[in-house]
Amino acid sequence: DVALDMGFEIPLLPRGSLLEFDLKTTWGVGHYIGLTSIELLDGNGDPITLQEHQYWANPSSINILKQFEGVNDPRTVDKLFDGVNKTADDLHMWLAPYTPGKRHTISVRFDAPTTLSCIRIWNYNKSRVHASRGAKYLEISIDNQAIFKGEVLQAPGTTEYAEDYCEVLLFSNDEPLLEKIDYYFMAQDARDKEVEEEMQANQMRMSMIMDRPGTSDGCKAAVPRGDRATPMMPSGGMLPTQSVMFASGALAGTFPAGAQPFQSIASAAGSKRPPRAPTKPSNGGTVVLEALSCWDGSAAQAGLTGLEIYDVEGQVLDP
């Protein structure tokens, strides 16, 4: 536990070159700590754009752990400043090992002394369960002078109303400046909502056109994932769902040789994919589906999302 400094006062328009976030505790009791995004506004209420050489984290990310060696997990510190704020996609989040009592810092070095009017912090928001990895108590300093000490809100674990759960730290009481900051965040939240809706639509489109791995034919080919096939969990753990982005309406990535986009029943006649059902209809009163193996290699659990059975007319049968 960290003792709260109840007498601390947030200063007006702090200025300096080295900004440091010291994350002391999390909302849970796990071994990881993370954030989704950090937004910085200068003394005029304008957003501060950073280059990769200007920020770093210690610990840098979960890639320093032995079980992640060679994995190249994408949850690195650059995701905090990639402009994607309102999201539950952990490809746009930072995650690092957490050790109680140790320092977990994110540092930003400005090219020149910079005045801050506002900091907005979006906590780790992968899911309701994983939101407990988010930072709870943190301290912020600029040139070793404290500008904030306290708790930040836990993320909701969903994108719905996520902007209501980010922490806004204001360093000004100037009314025109505060109005400008408020207007900027309103416009930013509207843009984030459009981006999130587009991402969700693209994910739905992807689920409709991706080829499914074979079952009865013994096929072992993985579902095509473009450049995002790298697992995010250590060996033996459950792999999270990975989103795939589209670029100008096209797939971001390529299908492996021989893979075909998924086609609906109506267009299956023109498909080059081998049939996965007998050529003659089967008659009977009972259908038994036996799960013999699962894709993560675990013998303890197996599952399905849904099951549909069609008659000879192509109509879905009610069980």
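This tour moves through the structure one selection at a time and states what is found at each stop.

**Before starting**

The model is predicted: local features need pLDDT of at least 70, side-chain atom pairs count only at pLDDT 80 or more, and totals for chains, interfaces and linings use all residues. Residues are numbered from 1 along each chain as its sequence is written, and side-chain values use heavy atoms, with hydrogens and water left out.

**Stop 1: the whole chain**

Display the protein chain as a cartoon. It has one helix and ten strands; helices (H or I, at least four residues) and strands (E, at least two) are DSSP runs, numbered from the N terminus. Along the sequence the pattern reads β-β-β-β-β-β-β-β-α-β-β. Of the 319 residues in the chain, 37% are buried, where buried means under 20% relative accessible area, exposed over 50%, and partly exposed in between (1.4 Å probe, protein chains only).

The accessible surface of the protein chain comes to about 19,400 Å², and 52% of it belongs to carbon and sulfur atoms; accessible areas come from the Shrake-Rupley method with a 1.4 Å probe, and for residues only the protein chains shown count as cover. Among contacts (heavy atoms within 4.5 Å) between residues at least 6 apart in sequence, 75% join residues at least 24 apart.

**Stop 2**

Select residues 105–123, which form strand E5. Because 15 of its 19 residues are buried, E5 is largely enclosed by the rest of the structure. Two strands pair if DSSP finds at least two bridges between them.

- Strand E1 (residues 15–23) pairs with E5 in the antiparallel sense over seven bridges; Leu19 has Val108 of E5 as its bridge partner.
- Strand E2 (residues 32–42) is also antiparallel to E5, over seven bridges, and Leu41 stands opposite Cys118.
- Strand E3 (residues 55–58) runs antiparallel to E5 and is joined to E5 by four bridges; here Ala57 stands opposite Ile106.
- Strand E8 (residues 167–170) is joined to E5 by four bridges, again antiparallel, with Glu167 as the bridge partner of Ile121.

**Stop 3: Thr115**

Within E5, select Thr115. Is this residue buried or exposed? With 17% relative accessibility, Thr115 counts as buried. Show its surroundings: beyond residues up to four places away in sequence, Thr115 touches Leu13, Pro14, Arg15, Leu41, Asp42 and Gly43. The C-alpha atoms of Thr115 and Pro14 are 5.7 Å apart, although these residues are 101 apart in sequence. Between the side chains of Thr115 and Arg15 there is a polar contact of 2.9 Å; a polar contact is a pair of N or O atoms within 3.5 Å, and within protein one must be able to donate a hydrogen and the other to accept it, while residues adjacent in sequence count only if both atoms are side-chain atoms.

**Stop 4: Gln54**

Move to Gln54, in the loop between E2 and E3. Gln54 is buried, with a relative accessible area of 5%. Its side chain makes a polar contact of 3.5 Å with that of Asp111. Setting aside neighbours within four places in sequence, Gln54 is in contact with Thr49, Ser107, Val108, Arg109, Phe110 and Asp111.

**Stop 5: the nonpolar cores**

In soluble globular proteins, nonpolar side chains tend to be buried together. A nonpolar core is a set of buried Ala, Val, Leu, Ile, Met, Phe, Trp, Tyr and Cys residues joined through side-chain atoms within 4.5 Å. Which residues have the most contacts inside the largest core? They are Leu19, Phe21, Trp94, Ile106, Ile119 and Ile140, in a core of 32 residues. Two or more residues come from each of E1, E2, E3, strand E4 (94–97), E5, strand E6 (137–142) and strand E7 (145–151). E5 gives the most, with six residues. A second, separate core has seven residues, including Tyr32, Val71, Met93 and Leu95.

**Stop 6: the aromatic pairs**

Finally, show the rings of the two aromatic pairs. Rings of Phe, Tyr and Trp (its six-membered ring) pair if their centres lie within 6.5 Å; planes under 30 degrees apart count as stacked, over 60 as edge-to-face and the rest as tilted. Tyr55 and Phe81 have ring centres 4.7 Å apart and planes at 35 degrees, so this pair is tilted. Tyr55 lies in strand E3 and Phe81 in the loop between E3 and E4, 26 residues apart. Tyr55 is buried at 10% relative accessible area, and Phe81 is buried at 18%. The rings of Tyr184 and Phe185 are also tilted, with centres 5.5 Å apart and planes at 55 degrees.
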